Amino acid sequence: MTKQIMVGGVPIGGGAPVTIQSMTNTRTDDVEATLHQIRTLAAAGCEIIRVAVPDMAAAKAVGKLKEESPIPVVVDIHFDYKLALEAIAAGADKVRINPGNIGGADHVKAVAQACARRGVPIRIGVNGGSLEKPLLAKYGGVCPEAMVESAFGHIRLLNQYDFDDICVSLKSSSVPMTMKAYRLMSQASDYPLHIGVTEAGTVRMGTLKSAVGIGGLLALGIGDTMRVSLSADPVEEVYAAKEILKAAGVRKEGAELVSCPTCGRTRIDLIALANEVEERLKAVDKPITVAVMGCVVNGPGEASAADCGIAGGVGEGLLFKKGQIIKKVPQEQLVEELFALIETL
Ligand code: SF4
């Protein structure tokens, strides 16, 4: 089992539930817009939010964000240790920074001590695209072994100052490389792991790559917190993360839709029906499985493992609960009846 760190009040690792993270894409110093996005993401299911801190204005905004944010705030900092010190003083709950890139031992010491004083953990975020040149030379290019060695190099810098409140990510845009790097890291250490595939792409391809990479790691028991990176509204990242957690069987919260693939027996517009039910289920946080099936002959039986569901027929369909038919319903009332039944579960 991994060690546990605390990000604000949220535990990561040590058997805690795998948490969902996302990142705002507003200007961090635009406090109103950023808070609006944080609230939207939190309402969608995001549990920890990261904001970019590219300059002092952003670092100074962290205090105001912290006052109002409903979830812990992680600051993402590259190269400039002063930004880290400012953001930590402003109340950041975690810092994503690579100590090897912040300009020498004094700077690392200052950040490690500031974090230690406030109980703020650091995420070391190794990215396959920005590995240190000596490692690239040693390994002949980017590879999982080089990524893991990079992580340990950063960890050692922090350990020199007795700082070990660390979690690690090893992201690459290649799914196999990402997965191997995390597997190696989980064998070599017990630091909690923030998993994700970086620059994954647009909603469709990015979700698929993340589902394979993150979902594959979760299925192997690896990963303590996750971010799906998408070139999209970040709320899509949160939805994708929730679906991946559900599909990997890691989390039972929230409703899961199962729907049949349709076949020659289908006499209703099942695809539209499934999409409508899926959309409405986003607002249901009960740990239930809901089936939308294409025919009344096989549907209730095939979906008997679901808690409830509907099966479409000609002009009317069936409402069922655990495979048992409850009643016939006119087709246009199927969805309403289904959600009325869900209310009672
Ligand atoms: S539930 Fe009915 S319509 Fe859907 S695949 Fe099975 S047999 Fe075909």
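Trainee: What does the domain assignment of the chain give?
Mentor: This is a predicted model, to begin with. The domain assignment gives domain 1 at residues 5–247 and domain 2 at residues 256–344.

Trainee: Let's look at a sheet. In what order do strands E11 to E15 come?
Mentor: The order is E11-E12-E13-E14-E15, in an open sheet of 5 strands with mixed pairing. Strand E11 (256–259) and strand E15 (324–330) are the edge strands, each pairing on one side only. From one strand to the next, the twist averages 20°.

Trainee: In which sense do E12 and E13 pair?
Mentor: Parallel, over 4 bridges, with E12 covering residues 289–293 and E13 covering residues 308–312. E11 and E12 also pair in the parallel sense, over 4 bridges.

Trainee: Which residue in E13 is the bridge partner of Ala291?
Mentor: Gly309 is the partner of Ala291 in E13. Ala291 is also the partner in E12 of Val258.

Trainee: And how many of the residues of E12 are buried?
Mentor: 4 of its 5 residues are buried, so E12 counts as mostly covered.

Trainee: Helices next. Which strands does H10 touch?
Mentor: Helix H10 (residues 270–281) packs on the sheet and touches E11, E12 and E13. The direction of H10 makes about 160° with that of E12.

Trainee: What should the 12 residues of H10 span?
Mentor: At 1.5 Å a residue they should span 16 Å, and the end C-alpha atoms of H10 are 16 Å apart, which agrees.

Trainee: Which residues of H10 are buried?
Mentor: Leu270, Leu273, Ala274, Val277 and Leu281. Down the axis of H10, these buried residues fall within an arc of 95°, so they line one face of the helix.

Trainee: What do they pack against?
Mentor: The buried residues of H10 pack against E11, E12, E13 and H12.

Trainee: Then what about H12? Which strands does it lie across?
Mentor: Helix H12 (residues 334–344) lies across E12, E13, strand E14 (316–321) and E15. H12 runs at about 165° to E13.

Trainee: Which residues in H12 are buried?
Mentor: Leu334, Val335, Leu338, Phe339, Leu341 and Ile342 are buried in H12. They cover an arc of only 155° around the axis, which puts them on the same side of H12. What covers them includes H10, E12, E13, E14 and E15.

Trainee: Which exposed residues are on the face of H12 turned away from its buried side?
Mentor: Glu343 and Thr344 are the exposed residues carried there.

Trainee: Where does Asp162 sit, and is Asp162 buried or exposed?
Mentor: Asp162 is in the loop between helix H6 (144–159) and strand E8 (166–171). Asp162 has 74% relative accessibility, and the cut-off for exposed is over 50%, so Asp162 counts as exposed.

Trainee: What about the phi of Lys322?
Mentor: Phi of Lys322 is near 50°, which is positive, and Lys322 is not a glycine. Lys322 is found in the loop between E14 and E15.

Methods
Residues numbered from 1 in each chain as written. Predicted model: local features only at pLDDT ≥ 70, side-chain atom pairs only at ≥ 80, totals over all residues. Heavy atoms only, no water. Pairing = 2+ DSSP bridges. Helix = DSSP H or I, 4+ residues; strand = E, 2+ residues; numbered from the N terminus. Axes fitted to C-alpha atoms, helices over the stretch in contact; angles between N-to-C directions. Contact = heavy atoms within 4.5 Å. Expected span 1.5 Å × (residues − 1). Buried < 20%, exposed > 50% of the residue type's maximum accessible area, 1.4 Å probe, protein only. Arc of directions from axis to C-beta. Domains from an automatic or database assignment.
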